[in-house]
Amino acid sequence: MKSGKPVNDKVPRTLFEKVWDTHVVAREEGCPAVLYVDLHLVHEVTSPQAFSLLRERGLTVRRPDRTVATLDHSVPTALHAPSDPQAALQIRRMEENAEWSGITLYGMESQHRGIVHVVGPERGLTQPGMTIVCGDSHTSTHGAFGALAFGIGTSEVAHVLATQCLLQWKPKTFEVRVEGSPGPGVTAKDIILALLSRIGVAGGSGHVFEYTGPAIRAMTMEERMTICNMSIEGGARAGMIGPDDTTYEYLAGRPDAPAEKAWDHALARWKNIPTDEGAAYDASVVLDATALSPMITFGTNPGMGISVRESVPSPDRVAGLSQRQALAKALTYMGLQPGRKLLGLPIDVVFIGSCTNSRISDLRLAASVFRLRKVAPNVRVLVVPGSRDVKRQAEAEGLDRIFTSAGAEWRDAGCSMCIAMNGDQLEPGQYAVSTSNRNFEGRQGKGGRTFLASPLTAAASAVTGSIADVREVLES
Amino acid sequence: MTHFEPFASRIVPLPVNDIDTDQIIPARFLKVTDRLGLGAHLFADWRYDAEGTPREDFILNNPSQKGANILLAGANFGCGSSREHAPWALAAFGFRAIISTSFADIFANNALKNRLLPLVISQDDHRSLLALLDANPASEVTVSLEQKMILLPDGKSVPFQLDEFARRCLLDGVDELGYLLRFADRIASYERQA
């Protein structure tokens, strides 16, 4: 791994510490730091009350040039979706607020509209060394570029709109080192699900993850985004990866990335931000990617994951009363007997999309399974690209025809069934294999039951009609 | 902003770990552009069955719990989504404090912005509080921000942890946005250097 060298015998610092240090505007004794925000991403669900607060207090948006909005959560993804007056009002409010404050909005008609965490990187807005916030917990995605990126609430959205700053206590650092290289059928999604099954949903509380090691270095930017995206599911404030040539190659030439002279300056700056040799972390964990199999969740939080060939764990074997109760409650909701195998369990729906797995490489993976295969009878498959740019690219490659010929629905961009706010949702009791990030009770529709997995496992399960090991499906 | 005064209340026990914000307020109720009416949907899928009838076995539907302002929850309360609708819904329902052994970071931040106190107590104290409620569900406690204590009916008290800056803001009636706005000059000079 390439590391920055500590300058003048200074104490070696981590990537996080370097980004943090350069963004502290002020810090009073006993108070949190006033932290400057380079890029504020905004969407229609968590911003209307923030704009209202600004108006109530006679404030304006301090840096509209550092604020970018998109519509993603409540937008329909079907061509003739029934109109939802509440969602329509939310969308109109976003349009009015963008107009009022002069911020860029990738609106309903925009050809670049999409999920906020897909649009930011693909436009080149997301850059190494930045601080990035959004009223959305999956803002951790942008950490893949070596940015310090995290989700905030609506009150804090108002703070950033008004001051371009946030009050923040400095989090601790946590190295997640991924050794080895994953075998066939094992993707970035499987690696992050394996991490979560190891450390649990609160394992990273109060910390910022930094993902290091050969398996991370070998990943594409889109794979790194999948990893950083789910940092929040481990309770971490953010997840980061030191920038390298892969990062710079991805960014070069993107519409909002620096160009020409500005690019050279930026590159020189970016090359200084990776963690110094010998820098210490507050916590660490090591994972061996070589030993992993495709992963899937069986329960009602993303930490409840197993390898796809394993059996559902039994509460009897869990130490600790509250953990035992939590597992029993989860299995009751999921309708699963302890000890049963998940392989072969019939499913109703497959969702391929979300800020975790809706980029072009995710769709290519799914298409590699659907090519020359059909979706099993009685299974509904939704493929929802993360942005309209992804959609156009997929269509240029003919992926849409692979999906539709297989019997899947090919949709417009949005969050869709990941959060089930726009009409795309599970019916009570339905089982879904989903490439999204949360399997909480009712997350994909009231009473719906979610198995989180990679695009490969999701597609393999779609053609099998039941939970499948993609390695077997691709051999057949 | 007004100063935060001590308050007394009964406690609703909901000792489930990892209660996520999708349970506190399901996403289908987030299609609002204001903060009104969210209390009606608090824990909607735990409170109501498929027909919308209140589930008798869910603690918040127990008539004896009506009017309680404190929720005693399991570890890692408020994990998942950053939606501030979660503390809005809890506050609108009438809660003024959530007691747990730990909270998800974003939830705790959001709660404090809405004068909803995320009070962290030790594992042992958590067990004792549950035992106290088991013995007498109508036990009333007092939350004192000043003393950083939960005062029990028997005269004992349980210390809690809370973000110290937020605690002082609440006690002194300082608003965090107002505090930030005071740095306008420093922010401008930071922007000039950057």
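Guide: Let us begin with chain B: in helix H3 (residues 85-93), B:His85, B:Ala86, B:Pro87, B:Trp88, B:Ala89 and B:Leu90 are buried. This is a predicted model, in which local features need pLDDT of at least 70 and side-chain atom pairs count only at pLDDT 80 or more, while totals for chains, interfaces and linings use all residues. Residues are numbered from 1 along each chain as its sequence is written, and chains are lettered from A and ligands numbered from 1 in the order in which they are written.

Visitor: What makes B:Trp88 buried?

Guide: A residue is buried if 20 or more other C-beta atoms lie within 10 Å of its own, exposed if 12 or fewer, and partly exposed in between, with C-beta atoms placed from the backbone. B:Trp88 is buried, which means that its C-beta atom meets the cut-off of 20 or more.

Visitor: Against which elements do the buried residues of H3(B) pack?

Guide: They pack against helix H1 (21-24), strand E3 (97-100) and helix H4 (105-113) of chain B. Helices (H or I, at least four residues) and strands (E, at least two) are DSSP runs, numbered from the N terminus.

Visitor: How many residues of chain B are in contact with chain A?

Guide: Contact requires C-beta atoms, placed from the backbone, to lie within 7 Å; 41 residues of chain B are in contact with 52 residues of chain A. H4(B) gives the largest share of the chain B side, five residues.

Visitor: What makes E15(A) and E18(A) a pair?

Guide: Two strands pair if DSSP finds at least two bridges between them. Strand E15 (residues 349-352) and strand E18 of chain A have three bridges, in the parallel sense, and therefore they pair. One of the bridges has A:Val433 of E18(A) as the partner of A:Val350.

Visitor: Why is E19(A) called an edge strand?

Guide: Five strands form an open sheet with parallel pairing, in the order E17-E16-E15-E18-E19 (chain A). The edge strands are strand E17 (409-410) and E19 of chain A, and each pairs on one side only. Four bridges join E19(A) (residues 449-452) to E18(A), where A:Tyr431 stands opposite A:Arg449.

Terms used. Two residues are in contact if their C-beta atoms, placed from the backbone, lie within 7 Å.
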